[in-house]
Amino acid sequence: MAESLVILYGALPYLLRGSLVTIAVVAGAMMIGVVVGISLAVGQVYGGKWLRRMIAVYVWFFRGVPLLVLLFLFYFGLFSLLHINLSAFTVSVIVLGLISAAYQSQIFRGAIMSLPEGQLKAARALGMSDRKAIPLIILPQALRLSIPGWSNEYSIVLKDSAVAYALGVMEMMARAHFVASRTYEHLPLYFAAGVMFLILTYLGTKGLRILEEKVRIPGYSS
Amino acid sequence: MRELFFFQPDVVSALMKGLWVSVQLIAPSAVFGVIIGFTIGALRVYGNAFIKAVANGYVLIFRGFPLVVQLFIWYFGLPYIGIYLPPFVAAVLGFSLCSGAYQSEYVRGAFLSVKTGQTMAARALGFSNIKMILFVTLPQAFRRALPGCGNEIIYLIKYSSLAYMITCIELTGQGKIIASDSFRYTETFMVIGAVYLVLTSAAAWLLRRLEDRLHIPGFEQYG
């Protein structure tokens with residue numbers, strides 16, 4: 001027991017550096033997810049019939065295929081077929097981001113649709129074009145409403161990022177496994193990795209709750 | 001030749017074998033997951049303070065640890081304390097416990113949404129606690145939890161691919177083997193992805209049918 005703790009203590013800096021990789025993967029993926037997700041959501045609510053249909057196919061595909069299969073497909077398949085040489089890290093960020101975009105688009109879509117219709121009508125009555133009204137009137141309200149759903153999505157992406165280990169990305173899980181294979185202290189190390197994921201989940205969701213409070217408009221209940 | 005690759009009998013049979021292993025992973029995990037989910041969910045609502053704390057701790061750990069970490073604990077970690085599980089058993093165990101924790105959240109919400117008048121009426125009629133849960137609140141909660149639990153089963157179908165990471169060769173694992181042998185990664189994983197899409201879409205459709213079938217007229221339909 002004491003010996004395990006010594007090994008665990010020695011491995012901690014190495015694992016913590018892995019947590020930085022995990023954070024980088026999650027941050028990159030969430031960023032792609034927000035940008036693509038918002039575009040998809042706006043397209044799905046305000047777009048024409050064909051655009052809506054195409055977005056629905058995108059969402060269906062990225063929500064229906066397992067992450068691991070998509071990682072293999074993009075890393076070993078599509079990107080090398082197109083002669084694009086990307087590191088395992090970059091591919092993991094892109095794939096996690098594209099999947100998250102599909103889920104996030106549904107969060108944003110729900111938020112946009114929950115706004116009273118009068119908002120867009122009032123903007124139009126004031127002479128705003130839709131192109132102006134959506135980013136200036138609709139999205140500032142919808143994004144505030146999306147934070148709780150977004151916080152859920154963060155904890156899912158965080159946990160999914162451990163699968164990037166399958167491509168050899170040196171994040172927390174991979175490092176825990178490496179140390180475990182060398183020291184045979186499997187159980188304590190995996191447990192430590194799990195606890196570190198728990199801590200990251202806690203910190204992220206806590207931060208988002210603070211953000212939600214911060215950006216709340218006083219007197220504006222939703 | 002290139003076009004005919006996926007009609008070669010050995011490729012097809014390998015994929016079918018993998019699909020069969022996947023189904024064997026998913027089906028028991030879904031059943032155990034629902035059972036665990038309803039048990040833990042009921043305990044979290046109707047248990048005493050101690051049981052609630054234990055059940056909440058279970059949910060915290062199994063929802064907070066990534067599934068990969070959990071699978072590694074069951075497969076690579078347990079030998080540390082002298083328990084050796086075959087990959088298949090470790091995978092089913094990992095999927096069931098993780099899925100159960102997520103399902104218990106929906107079940108808990110569903111139990112809490114059953115109106116208090118229902119439990120009071122059951123008590124007034126002399127139902128014991130167990131009988132009240134089984135015959136009065138569970139049938140209502142089950143219908144309300146179904147959309148959420150159904151979603152979890154669809155997640156389970158997708159996450160079953162992670163069994164590959166603890167050397168349980170199911171559909172994704174067979175795909176990896178075929179792709180590495182033939183260097184046809186794109187085609188192979190397109191086909192594998194399509195199979196998963198069929199599985200998840202079929203499951204979603206079946207669950208919606210089940211919801212409609214269990215729907216009690218006059219009650220609001222959820223989801």
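Guide: Let's start with a rule: a salt bridge is a side-chain nitrogen of Lys or Arg within 4 Å of a carboxyl oxygen of Asp or Glu. By that rule the count over all chains is five. This is a predicted model, where local features need pLDDT of at least 70, side-chain atom pairs count only at pLDDT 80 or more, and totals for chains, interfaces and linings use all residues. Residues are numbered from 1 along each chain as written, chains are lettered from A and ligands numbered from 1 in written order, and side-chain values use heavy atoms, with hydrogens and water left out.

Visitor: How do you know how confident the predictor is in chain B?
Guide: Look at pLDDT, the predictor's per-residue confidence from 0 to 100. Chain B has a mean of 91, and 95% of its residues reach 70 or more. For the complex, the predictor gives an ipTM of 0.88 and a pTM of 0.90.

Visitor: What makes A:Arg124 and A:Asp130 a salt bridge?
Guide: Their N to O distance is 2.8 Å; the limit is 4 Å, so the pair qualifies.

Visitor: Why is A:Arg124 called partly exposed?
Guide: Buried means under 20% relative accessible area, exposed over 50%, and partly exposed in between (1.4 Å probe, protein chains only). A:Arg124 has 43%, so it counts as partly exposed.

Visitor: What makes A:Arg216 and A:Glu213 a salt bridge?
Guide: The closest N and O atoms are 3.8 Å apart, and the cut-off is 4 Å, so the pair is counted. A:Arg216 is exposed because its relative accessibility is 53%, and A:Glu213 is exposed because its value is 52%.

Visitor: Which residue does B:Arg44 pair with, and at what distance?
Guide: B:Arg44 pairs with B:Glu105, with the closest N and O atoms 2.7 Å apart. The two sit in distant parts of the chain, 61 residues apart: B:Arg44 in helix α1 (residues 9-46) and B:Glu105 in helix α4 (residues 87-113) of chain B. Helices here are DSSP runs (H or I, at least four residues), numbered from the N terminus. B:Arg44 is buried because its relative accessible area is 12%, while B:Glu105 is partly exposed at 25%. B:Arg63 joins B:Arg44 and B:Glu105 in a network of salt bridges.

Visitor: How do you know how much area chain A and chain B bury between them?
Guide: Buried area is the accessible area (1.4 Å probe) that two parts lose on being put together, summed over both. Here that comes to about 3200 Å², 78% of it on carbon and sulfur atoms. In chain A, A:Phe72, A:Lys159 and A:Leu187 lose the most area to chain B, together 17% of what that side buries. The contact (heavy atoms within 4.5 Å) takes 37 residues from chain A and 34 residues from chain B. Across this interface, the rule finds zero salt bridges.

Visitor: Why is A:His186 called buried?
Guide: Its relative accessible area is 14%, under the 20% limit, so A:His186 is buried. Leaving aside neighbours within four places in sequence, A:His186 contacts A:Ala180, A:Ser181, B:Phe76, B:Gly77 and B:Tyr80. A:His186 lies in helix α8 of chain A.

Visitor: And why is A:Leu203 called exposed?
Guide: A:Leu203 has 51% relative accessibility, and the label needs over 50%, so A:Leu203 counts as exposed. A:Leu203 also lies in helix α8 (residues 186-215) of chain A.
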